[in-house]
Amino acid sequence: MKTNPSHTQIPVTRVSSILRYTRLLRSIGAPVDRLLDRARIPAELLNHPSAIVPLANAFRFGELACQAEGTEHLGFLVGLSATLEDYGPYGKILLNALTVHDYLQRGISLYNMLITGQRMRLSQHGEEFRLTIESDLGPGVGAYQSHMESLITTIARLREAAGSPWSPRELSL
């Protein structure tokens, strides 16, 4: 069966997802504009949070930022500092969730409002729940940042609901 080229999808992400990284990077004096240029993301797009960029470019930006700062855990730091308001309309929908279950269901089912080419799913294994994040672009430092940010942001929101002493028994990516 032939694939129609007009139906080929390019994985994309909202500029708002990059803003969380640029805010942190600027606060530590990183060369944000140079990194954006090397990742082929026009700096002017930062003024348009709902605009989209190819996911590969966003992942490249994350990879370059990690290289520039000598870390592989930038997504962890971004996730710790993120608020649901940082996620724009997607975050507003999550803010209106009435229960943890509702929050997780909305977050997973509407994740493509923020990013395509990456999926979340929740599965139950006995008494354990697993949040899985998959990417069409394969493994890499940039994808790892996105996955780490999503995981840490989710855990932070769950801690708000369950109380600050709560933490998951095990984390893995």
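Me: Which residue forms a salt bridge with Glu-149, and how far apart are the closest N and O atoms?

Reply: Side chains of opposite charge can pair when their charged atoms come close. In this predicted model, the partner of Glu-149 is Arg-20, and the closest N and O atoms of the two lie 2.5 Å apart.

Me: Is Glu-149 buried or exposed?

Reply: The cut-off for a buried residue is under 20% relative accessible area. Glu-149 has a relative accessibility of 4%, so it counts as buried. Arg-20 also counts as buried, because its relative accessibility is 3%.

Me: With which residue does Arg-23 form a salt bridge?

Reply: Arg-23 pairs with Asp-86, and their closest N and O atoms are 3.0 Å apart. This pair, too, links distant parts of the chain: Arg-23 lies in helix H1, whereas Asp-86 lies in the loop between helix H4 (74-81) and helix H5 (88-95), 63 residues apart. As for accessibility, Arg-23 is partly exposed at 44%, while Asp-86 is buried at 18%.

Me: How many residues apart in helix H3 are Arg-60 and Glu-63?

Reply: They are three residues apart in helix H3 (residues 55-69), which means that about one helical turn separates them.

Me: Which residues are linked in a network of salt bridges?

Reply: The network consists of Arg-119, Arg-121, Glu-134 and Asp-136. Over the whole structure, the search finds nine salt bridges.

Me: Let us turn to another residue. Where is Thr-13 found, and is Thr-13 buried or exposed?

Reply: Thr-13 is part of strand E1 (residues 12-14). Its relative accessible area is 3%, so Thr-13 is buried.

Me: With which side chain does the side chain of Thr-13 make a polar contact, and which residues is Thr-13 in contact with, leaving aside its neighbours within four places in sequence?

Reply: The polar contact is with the side chain of Ser-17, at 2.7 Å. Once neighbours within four places in sequence are set aside, Thr-13 is in contact with Ala-51, Ile-52, Val-53, Leu-55, Ala-58, Leu-114 and Ile-115.

Technical notes
Residues numbered from 1 in each chain as written. Predicted model: local features only at pLDDT ≥ 70, side-chain atom pairs only at ≥ 80, totals over all residues. Heavy atoms only, no water. Salt bridge = Lys/Arg side-chain N within 4 Å of Asp/Glu carboxyl O. Buried < 20%, exposed > 50% of the residue type's maximum accessible area, 1.4 Å probe, protein only. Helix = DSSP H or I, 4+ residues; strand = E, 2+ residues; numbered from the N terminus. Polar contact = N/O pair within 3.5 Å; in protein donor to acceptor, adjacent residues only side chain to side chain. Contact = heavy atoms within 4.5 Å.
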